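Good morning, colleagues. Please look at the sequence and the model on the screen while I take you through the fold and a few selected contacts.

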Amino acid sequence: MQEKVVFKLDVFDERIKQRAMKVVCDFPGVTLIDVKEKGKLKVSGEFDKFQMTKKLKKIYKYVDIIALEHDGEPKKNPDPVKKPEPIVKKAPSFRRWKIVS
């Protein structure tokens, strides 16, 4: 299942940032990496997010997961189709019947 994970990675040293990118690139299952926003590293693909966090913490100890999304799940329809309720007929009343003897 495809996942999008956003890591908080506030690094001011360019060398540490490059090492973190190398770790993420070498991780199996990663399909997309985005570092356009300052202090955020967005990774998408099929991978173990906890193992990746563990490896990133070896490089820089202040790494946190900010957001997590699943790409493979279908989105839920906000207006589900309601099924019509079945029509229930009442049983006839026996009070009006006349018994002829």
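This is a predicted model: local features need pLDDT of at least 70, side-chain atom pairs count only at pLDDT 80 or more; totals for chains, interfaces and linings use all residues.

How many helices and how many strands does the protein chain have? The protein chain contains 2 helices and 4 strands. Read from the N terminus, these elements follow the pattern β-α-β-β-α-β.

A word on confidence, then. The protein chain has a mean pLDDT of 80, with 82% of its residues reaching 70 or more. Confidence is highest in H2, at 88, and lowest in E4, at a mean of 80.

Let me turn to the sheet. In what order do the strands lie? The order is E2-E3-E1-E4, in an open sheet of 4 strands with antiparallel pairing. Which strands stand at the edges? These are strand E2, residues 30–34, and strand E4, residues 64–70. Each of these two has a single partner strand, so one side of each is left without a neighbour in the sheet. On average, and with direction ignored, neighbouring strands of this sheet are turned by 20 degrees against each other.

Consider one pairing in detail. E2 and strand E3, residues 40–45, run antiparallel and are joined by 4 bridges. In this pairing, Leu 32 stands opposite Ser 44 in E3.

Next come the helices. Helix H1, residues 14–26, packs on the sheet and touches E2 and E3. The direction of H1 makes about 155 degrees with that of E2. Helix H2, residues 49–59, also packs on the sheet; the strands touched by H2 are strand E1 (3–8), E2, E3 and E4. Between the directions of H2 and E1 the angle is about 25 degrees.

I now come to the aromatic side chains. How many aromatic pairs does the structure hold? There are 2 aromatic pairs. Phe 27 and Phe 47 form an edge-to-face pair, at 6.4 Å centre to centre and with 85 degrees between the planes. This pair links distant parts of the chain, 20 residues apart: Phe 27 lies in the loop between H1 and E2, and Phe 47 in the loop between E3 and H2.

Tyr 62 counts as exposed, at 54% relative accessibility.

Finally, I would draw attention to Glu 3, which is placed in strand E1. Is Glu 3 buried or exposed? Glu 3 has a relative accessible area of 9% and is therefore buried. With which side chain does that of Glu 3 make a polar contact? The partner is the side chain of Lys 49, at 3.3 Å. Leaving aside residues up to four places away in sequence, the residues touched by Glu 3 include Phe 47, Val 43, Ser 44 and Leu 68.

Two figures for the chain as a whole close the presentation. Of the 101 residues of the protein chain, 21% count as buried. Among contacts between residues at least 6 apart in sequence, 66% join residues at least 24 apart.

Terms used: Residues are numbered from 1 along each chain as its sequence is written. Side-chain values use heavy atoms; hydrogens and water are left out. Two strands pair if DSSP finds at least two bridges between them. Axes are lines fitted to C-alpha atoms, for helices over the stretch in contact, and angles run from 0 to 180 degrees between N-to-C directions. Contact means heavy atoms within 4.5 Å. pLDDT is the predictor's confidence in each residue, from 0 to 100. Rings of Phe, Tyr and Trp (its six-membered ring) pair if their centres lie within 6.5 Å; planes under 30 degrees apart count as stacked, over 60 as edge-to-face and the rest as tilted. Buried means under 20% relative accessible area, exposed over 50%, partly exposed in between (1.4 Å probe, protein chains only). A polar contact is a pair of N or O atoms within 3.5 Å; within protein, one must be able to donate a hydrogen and the other to accept it, and residues adjacent in sequence count only if both atoms are side-chain atoms.
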